[in-house]
Amino acid sequence: MSVLSVRDLEVVYATQAGPIPAVRGVSLEIETGEVVGLAGESGCGKSTIVNAILRLLPPGTTVTGEVLLSGEDILTMKPGRLRAVRWTEASVVFQGAMHALNPVQRIGDQLAEAIVIHGRAGEREALVRVGSLLEQVGLPPRRLRDYPHELSGGQKQRVMIAMALACSPTLVIADEPTTALDVMVQAQVLRLLKDLQRELGLAMLFITHDLSVLVEVCDRLAIMYAGKIVEEGPSVEVFGKPAHPYTEALAAAFPAIGDPRFRRAPSGLGGDPPQPDAIPAGCAFHPRCPLAFDECPETVPDLYDAGERRRAACLLIPRGAKVST
Amino acid sequence: MRPTEAFGHADGPPVGVELEPTPPPEVPKSPRKIGWARRRMSARRIWRTYRKNTLGMVGLVILALFIAVAVFAPLLADKEGLEATCPCNGVPFSPPSWDFPLGTDNFGRSVLTLTIWGSRISLTIGLLATAISMLIGSVIGIVAGYYGRWPETVLMRLTDWFLVIPFLPLAIVLASILGRSMVVIIFVIGVTSWPSTARIIRAQVLSVKTRPYVERSRALGSSHWHLNTRHILPNVAPLIFANTVLTVAIAILSESTLAFLGLGDPLQISWGTILESAFAAGAASAGQWWWLIPPGLAIVFVVLSFTLCGFALDEILNPKLRRR
Amino acid sequence: MGTRRYIVGKVLQAALTLAFVMVFNFFLFRIIPGDPAALLLRGTSAFNPENVAEVRAELGLDEPLPQQFLTYITDMATLNFGESFYLRGAPVSEVIADRIWPTVLLLGTSAIASAAIGLIIGIHAGWRHGSRFDVGSLSFTLFVYAMPEFWFGILVLMAFAGGVGPFPAIFPTGGYETPGADLTGWAHVADVLNHMFLPFMVLTVSYLGEYALIMRNSLIDVMNDDFVQTARAKGIREKQVLWGHVVPNALLPTITLTLLSLGFIFGGAITIEYVFSWPGLGLLTVQAIDTKDFALLQGLFLLFSAAVIFANLIADIGYSYLDPRVRAA
């Protein structure tokens with residue numbers, strides 16, 4: 001049984017300007033111990049998926065489909081069961097550098113809160129466990145007495161990671177954990193995540209817009225565009241030999257020094273991702289696609305098989321045309 | 001080899017992207033005319049947005065009504081009715097009747113007449129006092145924000161001190177020393193309500209000061225006067241305007257309170273002085289509601305209308321709120 | 001330690017503000033056009049050149065300004081605020097001390113009540129903003145704000161003490177206790193409370209709206225912060241998210257804003273005490289206005305200002321204990 005099984009997830013926000021579809025049919029599977037990456041530009045729906053998995057979306061949002069955590073559908077859970085499942089089965093590493101920590105509470109208390117709420121320990125034992133959690137992420141245990149403003153960005157991110165591990169979940173969702181950090185700190189945090197994942201055998205869903213980061217950490221990759229997954233497969237292959245024009249453009253935006261592909265023409269994709277309330281007809285990517293042809297504005301592409309455990313949503317595939325050079 | 005060539009399609013603009021050129025706008029004659037044309041356009045835009053704000057429109061309608069009553073008072077009620085010895089007066093302390101729709105006061109004067117004519121004084125004092133307060137507050141706020149360093153420290157410290165002093169005791173002390181007249185009341189209210197305005201304006205000046213076009217202008221060698229009047233003031237003006245409207249509400253409340261306590265001009269009739277005489281004559285214990293309710297209700301509605309308009313304007317013009 | 005330095009700094013600032021108020025008070029009386037002594041006697045039967053000169057000498061107005069200032073400072077230091085005109089030579093400090101308790105009683109209880117009720121309403125309105133409760137409480141606040149509180153007091157007095165139309169006259173029309181009825185013990189307490197009820201209600205209702213609004217807006221701001229999402233994701237119940245995470249953060253800016261509005265409560269006290277003839281400092285102020293008792297007025301002005309300065313100081317110090325970020329700075 002997969003740790004996470006998302007089937008045909010659709011999320012529509014209710015706003016003053018009318019309903020806005022943020023996720024338009026996404027399916028995803030994560031097995032035990034597997035690290036899956038989810039990439040895409042801002043506004044493609046990745047953060048919505050994070051919130052949907054733990055049912056943290058604002059009231060009034062319409063959610064259809066199935067989100068199974070170890071077989072249980074989170075969307076139909078009763079509130080009591082939902083609260084029990086949150087953090088114990090799946091937890092989230094939010095962007096710690098921002099305001100994800102309560103400014104007026106010591107971090108030790110915030111970490112302990114998760115443990116005590118789920119009945120894992122009494123208050124005193126919880127603090128002991130907090131100390132060992134901090135050590136696990138490379139922070140001295142005495143820092144549990146600090147307030148968030150006394151920590152640097154990287155340290156706060158480590159605290160977020162420690163918090164996510166507090167109840168020993170089977171799935172950890174990392175929502176842009178390195179985005180607001182300096183490059184050197186980014187590398188440290190990434191290494192920490194990789195080590196912890198291996199040590200604890202965690203399943204991970206890693207969300208970011210930085211493709212190069214994903215290749216380092218993830219076993220499989222899924223690329224999102226305008227609320228849908230447009231390509232998925234083993235990360236090295238997806239990054240190295242994209243089967244979808246969008247993936248190719250995204251990969252080209254993070255050039256690797258020495259790779260002959262990037263030696264000549266400057267890369268970069270013109271235009272912006274579509275607004276959720278103005279998604280183009282047919283293939284949503286066709287206005288920006290250098291390979292668009294006459295069928296693209298008319299037919300919505302499915303996820304076609306594009307190789308060993310690979311799929312991509314491009315109309316070129318059934319026509320047997322290759323996308324990458 | 002580019003993949004598209006394999007299909008034999010020429011590259012055109014992506015489907016769905018239009019490349020129609022927009023016609024160039026009519027070019028006006030001089031920079032000044034451009035400035036005014038732009039200001040007219042933004043004024044129209046503000047009005048269009050304001051119109052959509054229901055509460056703001058309600059406030060505006062009520063306000064227009066009161067201003068009309070104040071302006072057309074001579075047409076609505078006989079001025080002679082304000083005289084205690086007017087033969088047109090009725091029996092004192094009488095409840096509403098056909099002749100006197102709002103009853104009469106201790107001299108037999110029609111409360112309706114008093115309320116209508118009282119609007120002139122109350123509104124005038126409110127507006128003039130606000131003008132003084134906004135002038136002082138804006139100048140202090142702009143100077144403090146613009147010059148920074150020690151002028152700012154001194155002015156802001158002064159502002160903080162004034163903010164701490166409770167308004168009514170200060171106004172009472174000033175008014176009792178300076179005597180009872182309309183000018184004194186206007187002065188007292190104006191001079192005691194500028195601090196909060198100064199604070200808000202200074203904050204706005206600070207944010208405008210660091211904007212690129214101001215720095216560019218300074219690099220080009222503009223004088224302080226030029227920078228302030230051409231760049232800073234126009235960007236602070238909308239906030240000043242929104243704040244002004246809200247301040248008028250407070251000024252009218254202040255005037256009514258000071259008049260009620262016996263510090264108003266004894267020769268003028270305002271809503272506050274009507275309530276003062278009524279209370280002093282024991283209207284509350286005697287249950288003379290027709291004398292006590294109309295002036296107070298008038299104050300409530302005028303203050304409400306200014307406040308609603310002020311909130312609506314604040315929402316439209318205040319950059320901090322817009323960002324949310 | 002950072003906290004100690006912060007507190008000392010705040011105390012010094014408060015002292016400086018108080019000093020400014022005193023200096024301001026000094027010049028207030030002396031910068032007016034005309035003769036202060038004449039001002040005192042104008043309109044009374046004692047108004048003639050000899051008396052004016054005598055009063056001038058009494059008040060030390062003939063001495064050079066620096067000398068006057070020195071006298072003023074020493075007077076302030078010894079709490080000598082001069083003599084009251086109204087009560088014919090009684091020291092102002094005594095007059096004030098006599099009448100301070102009723103004001104403390106009335107203002108103290110209504111301030112606490114309006115803050116407590118206002119904050120709770122604000123929390124609920126903010127947590128469910130957009131709901132009918134929120135819209136309702138906002139409209140109520142707006143309406144009460146537009147009402148002069150003395151007018152509200154008059155209406156309440158008319159309805160429940162004077163009795164008009166359908167309203168019963170069940171409360172006394174004013175004062176502190178029933179005159180002549182020499183009550184003691186619980187009977188006395190009940191009598192005072194009976195007299196205090198209407199002014200207490202008026203003051204509480206007049207000001208709870210502002211507290212509610214401040215708290216509501218603060219709460220809405222905090223609700224949208226990221227750490228609230230973190231708390232929910234951890235599986236904490238909504239109630240605990242509200243009271244354990246949102247409210248502590250929302251209270252902080254509320255406290256400062258709340259205490260800054262203390263000045264307005266004093267204004268309300270003056271008018272409401274007058275309306276209900278409650279024998280406190282507010283009524284004393286109005287009586288001082290009527291009799292042009294400048295010494296008393298100045299003494300009261302200083303007292304009110306000092307009270308507000310002190311309240312702000314308490315707020316600043318209290319804030320530093322609640323917000324760890326301030327202590328570190």
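The model is predicted: local features need pLDDT of at least 70, side-chain atom pairs count only at pLDDT 80 or more, and totals for chains, interfaces and linings use all residues. Residues are numbered from 1 along each chain as its sequence is written, while chains are lettered from A and ligands numbered from 1 in the order in which they are written.

**Chain B as a whole**

Select chain B and display its secondary structure. The chain contains 14 helices and zero strands; here helices (H or I, at least four residues) and strands (E, at least two) are DSSP runs, numbered from the N terminus. Of its 324 residues, 40% are buried. A residue is buried if 20 or more other C-beta atoms lie within 10 Å of its own, exposed if 12 or fewer, and partly exposed in between, with C-beta atoms placed from the backbone. Among the contacts in chain B with a separation of 6 or more, 68% join residues 24 or more positions apart; two residues are in contact if their C-beta atoms, placed from the backbone, lie within 7 Å.

**A helix pair in chain B**

Next, select residues 149–164 and 194–209 of chain B, which are helices α5 and α8. They pack at an angle of about 140°, with their axes 9 Å apart. Such axes are lines fitted to C-alpha atoms, for helices over the stretch in contact, and angles run from 0 to 180 degrees between N-to-C directions. The angle makes α5(B) oblique to α8(B), since angles under 35 degrees count as roughly parallel, over 145 as roughly antiparallel, 65 to 115 as roughly perpendicular and the rest as oblique.

Show the side chains at this contact. From α5(B), Met156(B), Thr159(B), Phe162(B) and Leu163(B) meet Pro195(B), Ser196(B), Ala198(B), Arg199(B) and Arg202(B) of α8(B). The contact comprises five nonpolar, two polar and two charged residues. In this classification Ala, Val, Leu, Ile, Met, Phe, Trp, Tyr, Cys and Pro count as nonpolar, Asp, Glu, Lys and Arg as charged, and the others, Gly among them, as polar.

**Ala70(B)**

Then centre on Ala70(B), in helix α2 (residues 54–71) of chain B. It is partly exposed, with 19 other C-beta atoms within 10 Å. Leaving aside residues up to four places away in sequence, Ala70(B) touches Ser119(B), Arg120(B) and Leu123(B). Ala70(B) and Arg120(B) are 50 residues apart in sequence, yet 4.9 Å apart in space, C-alpha to C-alpha.

**Chain C**

Select α6 of chain C, residues 132–146. Its buried residues are Ser137(C), Thr141(C), Tyr145(C) and Ala146(C). These pack against α13 (289–317) of chain B, together with α5 (92–127) and α8 (185–223) of chain C.

Turn to the boundary with chain A, where 18 residues of chain C are in contact with 22 residues of chain A. On the chain C side, α9 (226–233), α10 (238–260) and α14 (324–328) each supply at least two residues. The most come from α9(C), with six.

**Two loop residues of chain A**

Finally, select Arg55(A), in the loop between α1 (46–53) and β4 (62–69) of chain A. Although not a glycine, Arg55(A) has a positive phi of about 55°. Most residues other than glycine have a negative phi. With 19 C-beta neighbours inside 10 Å, Arg55(A) is partly exposed.

Move on to Ser70(A), in the loop between β4 and β5 (72–73) of chain A. Phi of Ser70(A) is also positive, near 50°. This serine is partly exposed, with 16 other C-beta atoms within 10 Å.

Notes
Expected span 1.5 Å × (residues − 1).
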